[in-house]
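Please consult the sequence and the coordinates alongside the text.

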Amino acid sequence: MHIPDGFLDPKISIGLFAAAAAVLTVCAVKVKEAVTALKPVRALATTAGDFAGGVRRVLTSDGERTIYKMGMVAALVFAAQMFNFPISQGTSGHLIGGVFASVVLGPFAGAIVISVVLAVQSLFFADGGLLALGANIINMSVVAAIGCYYIYALLKKISPEWIAISIAAWMSVVLASLMCAFEIGFSGTIALPVVTLAMIKVHMVIGIAEALITIVLVNIFRSMSEGDVQKR
Amino acid sequence: MKRLFLISVLIAVLAAFFASANPDGLDFVGEKLGFSDKGIERTAPMTDYHIGSLPRGEVSTAVAGTAGVLITLSIFWLVAFLLKKESKGAKKSLVFLLVASLFIPVPAFAARPLVTDDFGTVDPGKYEFEAGYNAITPKTAGQTIPGIVSQIKRGISSSFDMGLEMPYTMAAPSGFGDAVIHAKLKLKEIGDGEGLSFRADLKLSNGDAVQGLGSGFLDYGGLFIFSKNLSGVRAHFNAGYAVIGDVLNSCDDDAFIYGAAFEKDIVDGVNVGAEYTGVSCRIRNSGNIQLAGRWQALENVRFDAGYSIGLTDLSNNIATFGLTAEF
């Protein structure tokens with residue numbers, strides 16, 4: 001679902017880029033707060049002899065582990081997104097991984113992870129446009145990772161976790177494709193109702209695979225990273 | 001964690017051999033509804049998950065995929081490393097540089113009349129206005145195109161300024177061309193007017209492309225600027241990369257931009273400079289040598305003139321004069 005450059009009107013692209021930058025800034029602040037702790041810092045004695053003290057954010061050891069975990073999730077999502085699986089009518093689909101990332105890391109770290117994957121794909125592999133990167137971040141990390149995390153959190157209260165994950169994962173693909181269709185439709189590239197219907201139809205099928213893969217990945221990741229924590 | 005890394009690599013390698021080659025959901029819809037041809041083909045270091053020096057195929061994709069896994073991982077390692085350094089009180093500029101380098105732009109005018117930019121930024125709260133008259137003679141066509149270029153810059157902080165550049169062409173058809181937005185950040189100051197800066201540029205597509213005044217595409221790029229005083233001669237070095245939106249541009253691709261300039265005060269208020277600037281891209285290498293002089297007429301007004309000689313058939317000869325005012 002990586003939009004290349006040229007599908008979107010430049011004005012829409014820039015607007016989405018700004019929106020993506022704003023959301024990611026908030027995410028970065030939240031994650032930084034989570035991985036650091038305020039630590040009083042005693043500066044050098046001033047000429048008057050008293051201490052000019054202050055506080056500074058310092059990376060905690062748990063925080064450091066969280067960042068390495070984010071890297072691991074990003075690597076898994078990057079690899080999994082390469083794996084296009086065939087679906088009907090000569091079409092294929094691939095994982096978005098937004099729900100996987102936000103379920104194991106939380107919505108803010110999850111969104112950053114997916115955005116980094118999208119940036120690497122665009123910059124190093126020409127997969128997805130450069131100007132369209134903002135749109136792709138909005139679709140796959142803001143809508144799919146942040147938005148659908150809250151669907152998962154809501155469903156988890158009333159149903160077993162695997163059901164919550166499956167429904168949130170399926171919704172993430174459908175909602176991201178809906179957003180993608182709106183962006184292309186409003187850019188005037190193609191009539192909005194036509195592209196919306198076509199996108200939703202295909203992605204309702206792809207979403208089923210997203211749900212299955214997400215459950216497997218969440219289980220693999222939890223068992224392996226928790227085993228790792230216990231060893232320490 | 002090590003096992004998870006191996007699983008990622010395994011998935012990437014398996015994907016290279018077994019992933020479906022069918023178009024994905026969006027590509028399929030694009031083909032079915034006939035808008036897929038609007039997508040702009042881009043090149044990148046590993047376009048389409050393929051390593052250029054290997055024969056196209058599964059092995060090449062497996063290597064590219066593994067490289068991608070390592071790149072994504074190392075970004076987070078780097079963030080952890082930088083945060084650890086920052087915890088110990090290191091500068092934030094490194095973190096900014098990392099982020100900025102991800103979203104790199106098209107160098108144009110700097111300290112008139114030189115094209116090579118210098119390290120400095122406009123003082124916070126101050127404005128700098130530049131205006132110049134250019135007579136551009138392409139070496140292939142004899143006709144000279146007159147134009148005016150103006151730029152206004154404002155200092156945002158002691159190490160950051162932003163500017164808007166507006167070109168106007170006076171030949172038929174006349175009109176405003178594509179505007180360029182600049183943002184310059186001092187990364188490291190090593191002395192008075194000496195140090196390293198980074199400039200990000202975004203060229204808009206406001207010019208009328210049908211009339212030939214604009215390209216109709218957005219370009220963007222980034223430029224590193226290093227200035228150093230070499231025993232009375234101020235030297236500026238620029239190196240940058242521009243991502244050009246128009247795939248049919250004169251470069252047929254994106255471009256590397258570089259430049260070196262040297263300037264010296266000869267008498268009080270008058271300085272002379274020489275520079276070499278070049279653009280290097282897939283089908284074109286062009287270079288210009290410019291000789292220029294500046295005269296500080298008032299405390300805050302400076303006049304300048306220069307002549308730039310194109311070194312290759314595809315470059316232009318440019319005569320220019322203009323002024324810079326600070327207020």
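A:E161 is partly exposed, with a relative accessible area of 26%; here buried means under 20% relative accessible area, exposed over 50%, and partly exposed in between, computed with a 1.4 Å probe on protein chains only. This is a predicted model, in which local features need pLDDT of at least 70 and side-chain atom pairs count only at pLDDT 80 or more, while totals for chains, interfaces and linings use all residues. Residues are numbered from 1 along each chain as its sequence is written, chains are lettered from A and ligands numbered from 1 in the order in which they are written, and side-chain values use heavy atoms, with hydrogens and water left out.

**Salt bridges**

A salt bridge is defined as a side-chain nitrogen of Lys or Arg within 4 Å of a carboxyl oxygen of Asp or Glu. A:E161 takes part in one with A:R222. A:R222 lies in helix α7 of chain A and A:E161 in helix α6 of chain A, so the pair ties together parts that are 61 residues apart in sequence. Helices (H or I, at least four residues) and strands (E, at least two) are DSSP runs, numbered from the N terminus. A:R222 also counts as partly exposed, at 26% relative accessibility.

Over all chains, the structure holds 13 salt bridges. One of them joins two chains, because B:K84 lies in helix α3 (residues 58-87) of chain B and A:E64 in helix α2 of chain A. B:K84 is partly exposed at 32% relative accessibility, whereas A:E64 is buried at 18%.

Within chain B, B:R294 and B:E263 form another salt bridge. B:R294 belongs to strand β11 (residues 285-296) and B:E263 to strand β9 (residues 255-267) of chain B, so the pair ties together parts that are 31 residues apart in sequence. Both partners are buried: B:R294 has a relative accessibility of 10%, and B:E263 has one of 4%. A network of salt bridges links B:D117, B:D118, B:K184, B:R199 and B:D201.

| A:R222 | A:E161 | 3.0 Å |

**Interface of chain A and chain B**

The size of an interface is often given as the accessible area lost when the parts come together. Chain A and chain B bury about 5800 Å² between them, 75% of it on carbon and sulfur atoms; this buried area is the accessible area (1.4 Å probe) that the two parts lose on being put together, summed over both. Chain A brings 72 residues to the contact and chain B brings 59 residues, where contact means heavy atoms within 4.5 Å.

Between the two chains there are twelve residue pairs in polar contact, both residues at pLDDT 80 or more. A polar contact is a pair of N or O atoms within 3.5 Å; within protein, one must be able to donate a hydrogen and the other to accept it, and residues adjacent in sequence count only if both atoms are side-chain atoms. Several elements of chain A each supply at least two residues of the side that touches chain B, among them β2 (51-59), α4 (107-125) and α6 (161-186). The most comes from α2(A), with 14 residues. By type, the residues on this side of chain A divide into 48 nonpolar, 16 polar and eight charged; Ala, Val, Leu, Ile, Met, Phe, Trp, Tyr, Cys and Pro count as nonpolar, Asp, Glu, Lys and Arg as charged, and the others, Gly among them, as polar.

**Helices of chain A**

Of the 22 residues of α2(A), 16 are buried, so this helix is largely enclosed by the rest of the structure.

The 26 residues of helix α1 (residues 10-35) of chain A should span 38 Å, in agreement with the 36 Å between its end C-alpha atoms. Buried residues of α1(A) include A:S13, A:L16 and A:A20. At the start of this helix, a side-chain oxygen of A:D9 reaches to within 3.0 Å of the backbone nitrogen of A:K11.

**Loop residues**

A:S187 is located in the loop between α6 and α7 of chain A and counts as buried at 15% relative accessibility. A polar atom of its side chain lies 2.8 Å from the backbone oxygen of A:E183. Leaving aside neighbours within four places in sequence, A:S187 is in contact with A:F7, A:L8, A:D9 and A:I12.

In chain B, the loop between α2 (25-33) and α3 contains B:D48, which has a positive phi of about 55 degrees although it is not a glycine. B:Y49 is found in the loop between α2 and α3 of chain B, and its phi is near 55 degrees, likewise positive in a residue other than glycine. B:D48 is partly exposed at 48% relative accessibility, whereas B:Y49 is buried at 12%.

Methods
Expected span 1.5 Å × (residues − 1).
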